[in-house]
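Student: I would like to go through this model with you. Please show me the sequence and the structure.

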Amino acid sequence: MVQPNVSVIGLHAEDSLQEYLRIYFKVPRFTRLTPLAKVFEFIATGLPGTSDMLVIGKIAYEAKRTDGGRPVWDLIIVDSAATGHVLPQLGAARAMMDLARGGIVRSQVEWIDAILSDPRRSLLTICALPEEMPVSEALDLHDRAKAETTIAVGACFLNRVFPVSVTARQVHTLEQLTAEPHLAAARERLGGDPLVVLEGDRLAQRLHDTGAVHARKLRAGMTVPVLEIPLQTAARPGLSTTRAVAAALRAAAS
């Protein structure tokens, strides 16, 4: 537990395999030094798709787990693999169904696939930055997830959006202050170099305008809402940043 009512679990294929064997086949936990460990290490890492299946199976197991008839977790948020690897994970259960034609493995894979395929229980949310490559990757993931998997896409988060838009009048005013013969007087009044302020405003405008172009491209290609999260400059790293991002999401969703 990292905060009240918030817990974090690290997902590892080997640990998931050992937990699976202990729960369903009563195999005791073994160490890396035993001969049995090498056999199961081959199963977890040597067979195509097995590692993805173990990870996604652990997530589905936690989603299904109950305590006294009530779900253990109110909400499960998974920080998934990078864009190029998340699709094999999401499709692992469906691929395993083609291999397991019957038995306990088949029945388990079926309910895992059922959880992933139910939009009331599972949603894929896509994250992007207002830059060319991240936006292209996000759009590709959106299209492929819809075409190649059964999981529903819920939303897209556009992170680190530069919120400042500098008007032409503001830039013109700064340009006048930095022009001769006003530059020396402006430096004295400001206690610094107004040229630095002018370049900062120009940079802010370029970042804002470039980000806006990529945001429009992202919205045009998405079939789900795109929620913008402004770049957090005032909040300190850690919980304060998390709260600031949460507040931005509430505002974007309202």
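Tutor: Buried means under 20% relative accessible area, exposed over 50%, and partly exposed in between (1.4 Å probe, protein chains only). This is a predicted model: local features need pLDDT of at least 70, side-chain atom pairs count only at pLDDT 80 or more, and totals for chains, interfaces and linings use all residues. Residues are numbered from 1 along each chain as its sequence is written, and side-chain values use heavy atoms, with hydrogens and water left out.

Student: Which residues of helix 4 are buried?

Tutor: Helices (H or I, at least four residues) and strands (E, at least two) are DSSP runs, numbered from the N terminus. Helix 4 spans residues 83-90. Its buried residues are Val-86, Leu-87, Gln-89 and Leu-90.

Student: Why do the buried residues of helix 4 line one face?

Tutor: Look down the axis of helix 4 and take the directions from the axis to the C-beta atoms. The buried residues line one face because they fall within an arc of 160 degrees.

Student: Which residue in strand 5 is the bridge partner of Phe-157?

Tutor: Strand 4 (residues 152-161) and strand 5 run parallel, joined by 4 bridges. The partner of Phe-157 is Leu-227.

Technical notes: Pairing = 2+ DSSP bridges.
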